[in-house]
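Let's walk through a protein model together, one residue and one region at a time. Keep the 3D view open as you read.

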Amino acid sequence: MSYRAVSELHIIPKGQTVNADHYVREILNKSLMSTMQRQPEEASILRRKMLPDMSRAIFQQDGAPAHTAKKTQEWCDNNLVEFWTKETWPGNSPDLNPIENLWSIVKHDIQMMPTPTNVLMLENHVKLAWSRISPEILENLVSGMCNRVKLCIKRKGGYIGK
């Protein structure tokens, strides 16, 4: 996600384990690269360019084993202008990441829909809720990250600057 767009969802097939090989091949090489190459400035949040200047993008992942694997970290180092290595992001800090708040919003939207009776219906609900995210929500979530990080540092007794 960025302050102006989201990637397409990647639904993991039943029985598929998301290891580093799958993650790099299917999610980073295919989904991420196509998302980062979008051109339209004005389109739905699923189709528009993630940032006006992609050279300013910082790619961030959580501590999932597929994300922190050596193969993944090397792929990111070789293919992304800037990314946060597994050492950069503080452990056990999902509350700092705006995607966690976005998932809560999506979950709430799904809960307002009729209860799914099968996996396909659930997948459709998730995709619909994802497509209904407003640009304003994205902007609010991302713009609040700096304050969340500063508050975390302050609570830990660290220096936060201006």
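Residues are numbered from 1 along each chain as its sequence is written. Please keep in mind that this is a predicted model, in which local features need pLDDT of at least 70 and side-chain atom pairs count only at pLDDT 80 or more, while totals for chains, interfaces and linings use all residues, and that side-chain values use heavy atoms, with hydrogens and water left out.

Is K49 buried or exposed? K49 counts as buried, because its relative accessibility is 13%. Here, buried means under 20% relative accessible area, exposed means over 50%, and partly exposed lies in between (1.4 Å probe, protein chains only). Not counting residues up to four places away in sequence, K49 touches R4, A5, R38, Q39, P40, E41 and M54; a contact means heavy atoms within 4.5 Å.

Now move to L32, found in helix α1. L32 counts as buried, because its relative accessibility is 13%. Apart from neighbours within four places in sequence, L32 is in contact with I27, F59, W75 and L80. From L32 to S7 there are 25 residues in sequence and 7.4 Å in space, C-alpha to C-alpha.

F83 lies in the loop between α3 (70-79) and α4. With neighbours within four places in sequence left aside, F83 is in contact with F59, Q73, C76 and D77. F83 and N118 are 35 residues apart in sequence and 37 Å apart in space, C-alpha to C-alpha.

Next come the nonpolar cores. In soluble globular proteins, nonpolar side chains tend to be buried together. A nonpolar core is a set of buried Ala, Val, Leu, Ile, Met, Phe, Trp, Tyr and Cys residues joined through side-chain atoms within 4.5 Å. In the largest one, which has 14 residues, V6, L102, V106, W130, I133 and L138 touch the most other members. Two or more residues of this core come from each of α4, α5 (119-131) and α6, and α4 gives the most, with four. A second, separate core has 11 residues, including I27, F59, A66 and L80.

W130 also belongs to an aromatic pair. Its partner is W103, and the two are stacked, at 5.0 Å centre to centre with 25° between the planes. Rings of Phe, Tyr and Trp (its six-membered ring) pair if their centres lie within 6.5 Å; planes under 30 degrees apart count as stacked, over 60 as edge-to-face and the rest as tilted. W103 lies in helix α4 and W130 in helix α5, so the pair ties together parts that are 27 residues apart in sequence. W130 is buried, with a relative accessible area of 4%, whereas W103 counts as partly exposed at 36%.

Finally, which residues lie nearest the centre of the largest pocket? They are M1, S2, F59, Q60 and I99, out of a lining of 43 residues. The largest share of this lining, seven residues, comes from α1.

How values were computed
On a 1 Å grid over the protein atoms alone, a cavity is a set of points where a 1.4 Å probe fits but cannot get out, and a pocket is an open set with protein on both sides within 12 Å along at least five of seven lines; lining residues have an atom within 4 Å of a point.
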